[in-house]
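Biologist: I am new to this structure and would like to know what lies behind the words you use for it. Could you show me the model first?

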Amino acid sequence: MINFSYTIWILIIPIFMFLLLGLLGMKFKPIISGVLGTIGLGVVMLLSYYAAYQYFFQLPRIDDAYQQILAHNITWLNLSASLQIKMGVFIDPISVMMLVVVSTVSFMVHLYSIGYMKGEKGFQRFFAFLSLFTFSMLGLVVATNIFQMYIFWELVGVSSFLLIGFYYERPSAVAASKKAFIVTRFADLGFLVGILLLSYYTKSFDFLNITGPVGIEVTRNLTQTFLGMSVATWALLLIFMGGAGKSAMFPLHIWLPDAMEGPTPVSALIHAATMVVAGVFLVARLFPLYSFAAPDALTVIAYVGGFTSLFAAVIACTQFDIKRVLAFSTLSQIGYMMLALGVSGYGGEKGLGYMASMFHLFTHAMFKALLFLGAGSIIHAVHSNYMNEMGGLRKYLPITHLTFLIACLTIAGLFPLSGFWSKDEILAAAYEHNKLLFMVEYLVAGLTAFYMFRLYFRVFWNKEPHYHHKPHESPLVMTIPLMFLAIASIFAGFLPFSKMITSDRLPFESETNLMVAIPSVAIGLVGILIAFLLYKKDNVRVEKIVKGLGGVYTTIYNKFYIDEVYMFVTKKIIFNLISRPVAWFDRHVVDGFMNGIAGVTVLTSRKIKGAQSGQLQHYAFFFVLGAIAFALIFIYLWQ
Amino acid sequence: MNILALFIIIPILTIIGILCTKDHVGTRLVSAIGMGLQLITSIVLIFMFYAERNAGNHADMLFMVDYMWFQSLNIHYLVGVDGISVAMIALTSVVSFAGVFASWEVKDLPREFFISLIVLATGVFGFFISLDLFTMFLFYEVAVIPMYLLIGLWGSGPKEYSAMKLTLMLMGGSALLLVGLFGIYFNSAPNGGQLTFNIMEISKITIPMEAQRFFFPFTFIGFGILGALFPFHTWSPDGHASAPTAVSMLHAGVLMKLGGYGCFRVAMFLMPGAAHELAWIFIILTAISVVYGAFGAIWQKDLKYINAYSSVSHCGLVLFALLMMNETAMDGAIIQMISHGLMTALFFALIGMIYGRTHTRMINEMGGLMKVMPFLAVCYVIAGLASLGLPGLSGFVAEMTIFVGAFQHPDTFHRVVTILACSSIVVTAVYILRVVGVLLFGPIRNEEFNSLTDAKWFEKVSTITLIASVAFIGIVPIWLSDLIRMSLKPILDQLSSF
């Protein structure tokens, strides 16, 4: 029996680094903080790799299925006789895969940041926050129960908040961090209520129980309905709402593009590769429950994912800020993953969508982190986010150019790069279940290739603007992560995912469906070709098209005005129509009433204080009057 | 000697010590030593309590002492503690310790200030250890009266008005409470025999239902006013806004908890039948408190008003959870009392420190404080995160325990109010982040603020004590939770007998 108890160090090291750098960071030289944090993460990465190696290759399987292991589980808080919050480390295929993804990307980002953040004020703080984030994310993926996941989910949210608002003197960064936190918090409300609802029936938070046969049986047999939907569907949809918030699914996506205000390595780590796929991970974690107890909820997930992928891809074609293009591309790709989960069944080859989703999560983490880090390298060189101020950079940034091109080809799904394999599996899964969504995904594949190569040609080819300083290639500490991730993007597709990560933990054979794969590559090539024609050289075709589209273009460019709708709801409705009247009501009605009581008391005392005038003749007069009154009462009433 | 007596003797000795000092240096030193000793005693008390329990003493109340005080009315000086009172005492000593350091530099009449402050704390300690209704009421008044002086003399803004308002409203609460307590007293021997104020004795008999129905609202509202129950909470914003820092800390941190504590120790424990019957009315009121307080806070611009409304929301959650009447929710309610006590004390301490530098509490007149006073700003962010329920800090533990407990009621009414209460976590995030964003981040709005200094050592002592406590509860909540749980049983038995 292999002992996995060392995996606890995967959590201890980052939190220790956070405390060390957070409390004492200012005492160190900046570079020391950076190196310490990076070394810590390096150890975490090696431990994760070792755990993955042991888990997939050494650990004996039971009935051919990968085991689920509770490496640690301690009680953190007793809630009721049946409900306890535990903290622990849960080892199963998806948690091990996520450990690898998170620690790899996080290590690369740490290393890259030593170069990228050099000379920034708050360098130590940056590394402390990165460690905090990594700790929270790792804690999330190894959660043994849904409440531990919720706890780390919130911690991830706050680390994201702190990192988006890293440049706290910049009002736009502060606004973006606030928006991200509040939107995801709103989604988490759904998550929380979903957990409460689910655990009320399953009497447990533990994944082993709720996604095991007993939990599924209990959830499936729930007869209560609310507004025509079973309680199980409600609970799981509410939990998905939490996932949709974190993974920025429509209509809770608005925070992600703004989150690009954070430093670029942060965007790579949090807002591309790890945190934003937490929603996908959540659904995957509870997948047996979704599949058996609430198939309706899965259908919703499929459509939400499909719609988001199209919606975001369309917007990505019009944006000029390169980080925003990548942000919308992230939305679109996560939509793919959600869709794959939504169309998946449980067990064996029916679980193709599940496998494909996890596969795409893995490859996407590599190539999207690469794209963001590449974008960071570009921004580092030209000091701008806008592609209008770039062009012809291939001469100045050879390594960045090459790695970026690899990433673009990968995301466009060209054979034999990793994006091809994972996207193909998703398309194959969709093809078998839902033809409409399948066609949508073909369209998205084309759009993806187009907007990525629009970006690529615009930045690396096209007309060279006048640069104030000659752009220069980034230092090695930044280009090594790029090269590593480029290699990962190329080869990750050859990993035998269907043998490792499947819905029922049993390996199966998956084949490439040529009927699906060939057209998808062809569509990708068409997208690239259009981008080539429009953006390779500076020309007037683009402007003509934009003019031709008119209002449609403006609407897309303004992201379908969804932000404005939210603004209206928060500013006008919540602030002006709820909060302001509440404040007024409190001051004038409730408090007014209390003051009124006081006022009446004062008034009464003023009126009757005349009786105490201090003048003898008054008293005598009242005395006589009283005596007569009493006398009359005694005489007439007493008898 | 009984350890509980120390909680009264130490403050009295401290006051005598203060009277002997000549200048403000001596005064603050004596106060700090006194409150430090108090803190140590309360930690010792926790260990003694555990030792006693582990030794197999399963009495409901430990360390009981009983002196006859007024024979003809059967009034006793009767004290004793269970896990809940031990936790509340620990809270009080932490907050009063931090409070002394937060008011280190009081300029006017420091001696009188510290004496009043310590009298207030004594009242609170006495309240938490009392098991006799009359003694309890007496200590309650001891805690409320110095408040008038403290706000009226050392306050700011319209201090006479606020002091008057706060004291009168709380006195109004006392009046209701007195009716309730006498109601209990005169019904404490339904089958003849001697009337008693002894809580433990009364809990053994059943007060006639008609009497319960009549006196429960008096007692519950009487305590509820102190616990900022809607619509009797309006003393809180004005009172806090005018009060000096340490007074706000003690008041919001501890005094408001007397309300919640009294509600379950007296009203619900002694009148469980009426508690069950009338719970729904108060559940509605408290659910309103929770949401209303949070929305009220969004619109405020004065830091203290924001925190006062936030307190209305958080204290509403305490009463809300108590009324759910199951182990989990009540456990959560008490954790919430302690968590809110620490958190709000931290907030008021920080607001006082910021105000002492900028001379304004209006958030729109400030901005970018992170740059000039990073220590205070980071502390403020931590307090804010605790308030919006970040895991790892105490607020999360309390809120989650409450929500899980409240969710054990499967009927629609409880579900609706619970979800409503849950929604406050979003609204809380909105106002906390708004304050943090405007106050601490962004560019510095006022040139003069560039020359401000960061926290001094005594301010650091004050805030670090509170933050450490908040984090301790947040990271290892099981100790506090189990401490409370072992003492909830008598109360739950009492409630479930109906």
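Biologist: Of the contacts in chain B with a separation of 6 or more, what share comes from residues 24 or more positions apart?

Modeller: In this predicted model, that share is 80%.

Biologist: Let's move to chain A. Why is Gly335(A) called buried?

Modeller: The word calls for 20 or more other C-beta atoms within 10 Å. Gly335(A) has 29, so it is buried. You will find Gly335(A) in helix α15, residues 322–342 of chain A. Leaving aside residues up to four places away in sequence, Gly335(A) touches Met249(A), Gly305(A), Gly306(A), Thr308(A), Ser309(A) and Ala312(A).

Biologist: How do you know that chain A touches chain B?

Modeller: A contact needs C-beta atoms within 7 Å, and 37 residues of chain A are in contact with 41 residues of chain B. On the chain A side, β1, α5, α6 and α25 each give two or more residues. Of these, α6(A) gives the most, with 12 residues.

Biologist: How many residues on that side of chain A are nonpolar, polar and charged?

Modeller: There are 25 nonpolar, 5 polar and 7 charged residues.

Technical notes:
Residues numbered from 1 in each chain as written. Chains lettered and ligands numbered in written order. Predicted model: local features only at pLDDT ≥ 70, side-chain atom pairs only at ≥ 80, totals over all residues. Contact = placed C-beta atoms within 7 Å. Helix = DSSP H or I, 4+ residues; strand = E, 2+ residues; numbered from the N terminus. Nonpolar A, V, L, I, M, F, W, Y, C, P; charged D, E, K, R; others polar. Buried ≥ 20, exposed ≤ 12 C-beta atoms within 10 Å, placed from the backbone.
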